[in-house]
Amino acid sequence: MLSSTSFFQELCAAKLSSTSRVLTDSTDKAFQQCLLRWSDIGRSTPGAIVLAGSEDDVVTVVSLAIKNSVPFVVCSGGHSLWSTIGSEGFILDVRDLKNISVDDASNQITLQSGILISEANEFAWKHDICLPLGTANTAGVIPMALGGGLSTFSGIMGYTSDNIVAAKMVSASGTLIRVSSTENSEFLYALRGAGQIFGVVTEITLQAYPISILGTSDGTVWTGALIFPVTQAEKVYSILTALSVNTEAPTMGICIVTSTPPSFNTSLIVIPVYFGEAKDAEDHYRSLLDLRPFSTCGNVPYPKINDAGEAFGVKGGFKRWAGAGLKRINVDDWMKVISIYEKLKISCPDAVPTGYAIEWNAYAPQEKRTNFEETSFGHRDVHMWAELLSWFTVSESHDQVIRSEAEVIKLLCQTESTEPRSVYQNWTRDAPLEHMYPGSERLERLKALKKKWDPNGIFTSLFL
Ligand SMILES: Cc1cc2nc3c(=O)[nH]c(=O)nc-3n(C[C@H](O)[C@H](O)[C@H](O)COP(=O)(O)OP(=O)(O)OC[C@H]3O[C@@H](n4cnc5c(N)ncnc54)[C@H](O)[C@@H]3O)c2cc1C
């Protein structure tokens, strides 16, 4: 076994593809660039960053790391708090694996681990098809899908993970395996919700859908931002209480308490979505529009669907997600959430970009709902999420920000009195396992798979 330093030298000498890069100088510009993360919370400086240039590189690097017992983490788009490691280990960065292709007959898209959400959406659009992906344009498609994949389109196409039909993964023994309903099929269950815990997925095949599923003649989606002053909050939440549980109308949406420029007064940003023509959308959202918010809404081409929330995806600063599944919007609770946010703004002015949101996705038409198989994603019955984005720039604010976040979660969950809570595994790894992977059968199955395929915890010790 080699020391970490000798191991990094061996990595440099390893037979990797000509497009691979091994960065060991932490003062180097390229090293610093690769180290950028969506959040600086817990961000460490690794002993090396290996940018794989090919799938074979991933096999070689993982095998070498296992042989020498050197820890590593994988990074695709860098939007989680977990793709970071200290000087004892290295980052296996798979951002340069950028192949993407479509099988026109089946509408299935196969993409590699460097493909980001905006890139996959653009590619699908060019082929008149669409995918149910998440809202962060710059997040990696593969990690998002492997963690479950909450999508604007979940009501009409299922969760992203439901649509994983095949994958290639480098396992904890350093071998490349294929996963599908006919090959290593037990992994298909695991990859659809718990896939970041079993190996490095170099490629996935996703089921896509004809663009007509969006309900418009030209593949557009009605969305944008509606901005309300906080003085209208009670009215807005009252209207959303009914809209958010409507299972008939082809909609979903999100309402965020935050501060907006130029005044940075507390405001509500509602990002409504309607799968259909503008006139029908405006009729559906009439009660909100009648409050005369500042509006950017209209029909946008499907790949532009995430642009209204682009500001939340930038890299740098201290950020973290927390949240819980909810059943309804309780107006009184959300008015108290606004007070908590405003108190936070006074005690930690640098935490102004923090946003406390409620997202709903109740639409589930029988004719469009596909009967998806049981998977390791256990939140199928959650149609509403409290999504708390804590965002601050001064490290001393950390504890107060966490206290505010905890106060909001406690408040919202107390009213619901739902135990165990649903917590989305792509936002946190601090929650109890049974909150992230609900159901004892699911948990037992995942623990057994982990014991069999990664008993030494190469890809985290979760489930061991
Ligand atoms: C602004 C914002 C909006 C978001 N919106 C949504 C949303 O709408 N829906 C949703 O579901 N999620 C959403 N998320 C969560 C996001 O999907 C996850 O954080 C996702 O894991 C990020 O992927 P990444 O490649 O950017 O992150 P990374 O930090 O690179 O990776 C995330 C995790 O996956 C592991 N990993 C990376 N690549 C691989 C691989 N190839 N194989 C196996 N494991 C790998 C990493 O080790 C790490 O643990 C959002 C996040 C942000 C910051």
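The legends below describe close-up views of a predicted model.

**View 1. Three domains in the chain.** The domain assignment divides the protein into domain 1 (4-93), domain 2 (100-212 + 445-453) and domain 3 (219-416). Domain 2 is given as two stretches of the chain, 100-212 and 445-453. Taken over C-alpha atoms, the centres of domain 1 and domain 2 are 23 Å apart.

**View 2. The contact between domain 1 and domain 2.** Here 12 residues of domain 1 meet 14 residues of domain 2. On the domain 1 side, helix α3 (residues 55-67) supplies the largest share, six residues. Sorted by class, this side of domain 1 holds six nonpolar, five polar and one charged residues.

**View 3. The shell around the ligand.** There are 32 residues around the ligand, and those that come nearest are Gly77, His79, Ser83, Gly134 and Gly140. Two or more residues of the shell come from each of β3 (72-75), α5 (141-146) and β10 (200-207). Helix α5 gives the most, with four residues. The shell divides into 16 nonpolar and 16 polar residues, with no charged ones. The ligand lies between domain 1 (4-93) and domain 2 (100-212 + 445-453), because both domains give residues to the shell.

**View 4. The largest nonpolar core.** This core has 131 residues, of which Phe90, Leu92, Val141 and Val236 touch the most other members. Leu92 is shown with the residues it touches, not counting those up to four places away in sequence: Val50, Ala52, Val58, Val61, Phe72, Val74 and Val200.

View 5. An unreviewed UniProt entry places the feature "domain: FAD-binding PCMH-type" at residues 42-211. Over residues 42-211, 25% of the chain is helix and 26% is strand.

View 6. Val179 belongs to strand β9 (residues 176-179). Val179 has 27 other C-beta atoms within 10 Å, so this residue counts as buried; the cut-off is 20 or more. When neighbours within four places in sequence are left aside, Val179 is in contact with Ala166, Ala167, Met169, Asn184, Phe187, Leu188 and Leu191. Ile204 is 25 residues from Val179 in sequence, and their C-alpha atoms are 9.1 Å apart in space.

**View 7. Two asparagines with positive phi.** Most residues other than glycine have a negative phi. Asn107 has a positive phi, near 55 degrees, and sits in the loop between β5 (100-103) and β6 (108-112). Asn107 is partly exposed because 18 other C-beta atoms lie within 10 Å. Asn184, one of the contacts of Val179, also has a positive phi, in this case near 45 degrees. The loop that holds Asn184 runs between β9 and α7 (185-194). With 17 other C-beta atoms within 10 Å, Asn184 is partly exposed.

**View 8. A cis peptide bond between two prolines.** Most peptide bonds are trans. The bond that joins Pro261 and Pro262 is cis, with omega about 5 degrees. Pro262 is in the loop between β14 (251-260) and β15 (265-274).

Note on methods: Residues numbered from 1 in each chain as written. Predicted model: local features only at pLDDT ≥ 70, side-chain atom pairs only at ≥ 80, totals over all residues. Domains from an automatic or database assignment. Contact = placed C-beta atoms within 7 Å. Nonpolar A, V, L, I, M, F, W, Y, C, P; charged D, E, K, R; others polar. Near = placed C-beta within 6 Å. Core = buried A, V, L, I, M, F, W, Y, C linked by C-beta atoms within 7 Å. Buried ≥ 20, exposed ≤ 12 C-beta atoms within 10 Å, placed from the backbone. UniProt positions renumbered as here; feature names shortened; annotations may be inferred.
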